[in-house]
Amino acid sequence: MDTLSLLLIFIAVELFESNWQKSDSMYGLISNNFKIYQKSIFLYFLLHISFFYTIYVSIYLNNFSFWMSSILVIKFLDIAFKLNMMKKLSNGLNIEEVMPINVKMTPIFRYMNVLIYPLSFIFAVGLI
């Protein structure tokens, strides 16, 4: 499979991930994550398909450069941070205690991952 196809799949996966978490505020995003987490932690992990796709692409291309490793680390930290919040919410804490500031989610902020990760992927595989 050529790198352009891998890039287009990467963009599609990032769009999917942004859309299932879509909300007007950070509290809404956390709430959407928590609803899925309550249903099943396995489903929660499956919906973070971009993390698994990044692992697949790294192994497929045998590319563990700084850029590709950065994508993996940031995605891992993102999931770990969200899981920490989900655990706190499961223990009965209010969302205001877990995340003290409610940030408005503009479309630019919501879809920033669709720009940042594929661009990092482009640098990782040397398309530019």
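Q: What covers the buried residues of α2?
A: The cover includes α1, α3 (41–46), α5, α6 and α7. Helices here are DSSP runs of H or I with at least four residues, while strands are runs of E with at least two, numbered from the N terminus. Please keep in mind that this is a predicted model, where local features need pLDDT of at least 70, side-chain atom pairs count only at pLDDT 80 or more, and totals for chains, interfaces and linings use all residues. Residues are numbered from 1 along each chain as its sequence is written, and side-chain values use heavy atoms, with hydrogens and water left out.

Q: Why is α2 called largely enclosed by the rest of the structure?
A: Buried means under 20% relative accessible area, exposed means over 50%, and partly exposed is in between, with a 1.4 Å probe and protein chains only. Ten of the 14 residues of α2 are buried, so the helix counts as largely enclosed. Among them are Met26, Tyr27, Gly28, Leu29 and Ile30.

Q: Why is Ile30 called buried?
A: Its relative accessibility is 1%, so Ile30 counts as buried. Ile30 lies in helix α2. Leaving aside neighbours within four places in sequence, Ile30 is in contact (heavy atoms within 4.5 Å) with Met85, Met86, Leu89, Ile95 and Met99.

Q: What makes a nonpolar core, and which residues of the largest one touch the most other members?
A: A nonpolar core is a set of buried Ala, Val, Leu, Ile, Met, Phe, Trp, Tyr and Cys residues joined through side-chain atoms within 4.5 Å. The largest has 17 residues, of which Met26, Ile30, Tyr44, Met86 and Leu89 touch the most other members. α2, α5 and α6 (95–98) each supply at least two residues of this core, and the largest share, seven residues, comes from α2. Apart from it lies another core, of eleven residues, among them Tyr53, Ile71, Phe121 and Ile122.

Q: How do you know on which side of α4 its buried residues lie?
A: The buried residues of α4 are Ser50, Phe51, Tyr53, Thr54, Val57 and Ser58. They cover an arc of only 165° around the axis (taken from the directions from the helix axis to the C-beta atoms), which puts them on the same side of α4. Their cover includes α1 (3–20), α5 (66–90) and α8 (112–125).

Q: What makes Asn62 stand out in its phi, and is it buried or exposed?
A: Phi of Asn62 is near 50°, a positive value in a residue other than glycine. Asn62 sits in the loop between α4 and α5. At 62% relative accessibility, Asn62 counts as exposed.

Q: Why is Leu119 called partly exposed?
A: Leu119 has 37% relative accessibility, and therefore counts as partly exposed. This residue lies in helix α8. Leu119 and Ile11 are 108 residues apart in sequence and 9.7 Å apart in space, C-alpha to C-alpha.

Q: What makes a pocket, and what lines the largest one?
A: On a 1 Å grid over the protein atoms alone, a pocket is an open set of points with protein on both sides within 12 Å along at least five of seven lines, and lining residues have an atom within 4 Å of a point. The largest pocket is lined by 22 residues, of which Asp78, Lys82, Phe109, Asn113 and Tyr117 lie nearest its centre. The largest share of that lining, five residues, comes from α5.

Q: Why is Lys82 called buried?
A: Its relative accessibility is 7%, so Lys82 counts as buried. Lys82 has its place in helix α5. Neighbours within four places in sequence aside, Lys82 is in contact with Gln21, Asn33, Tyr44 and His48.

Technical notes:
On a 1 Å grid over the protein atoms alone, a cavity is a set of points where a 1.4 Å probe fits but cannot get out, and a pocket is an open set with protein on both sides within 12 Å along at least five of seven lines; lining residues have an atom within 4 Å of a point.
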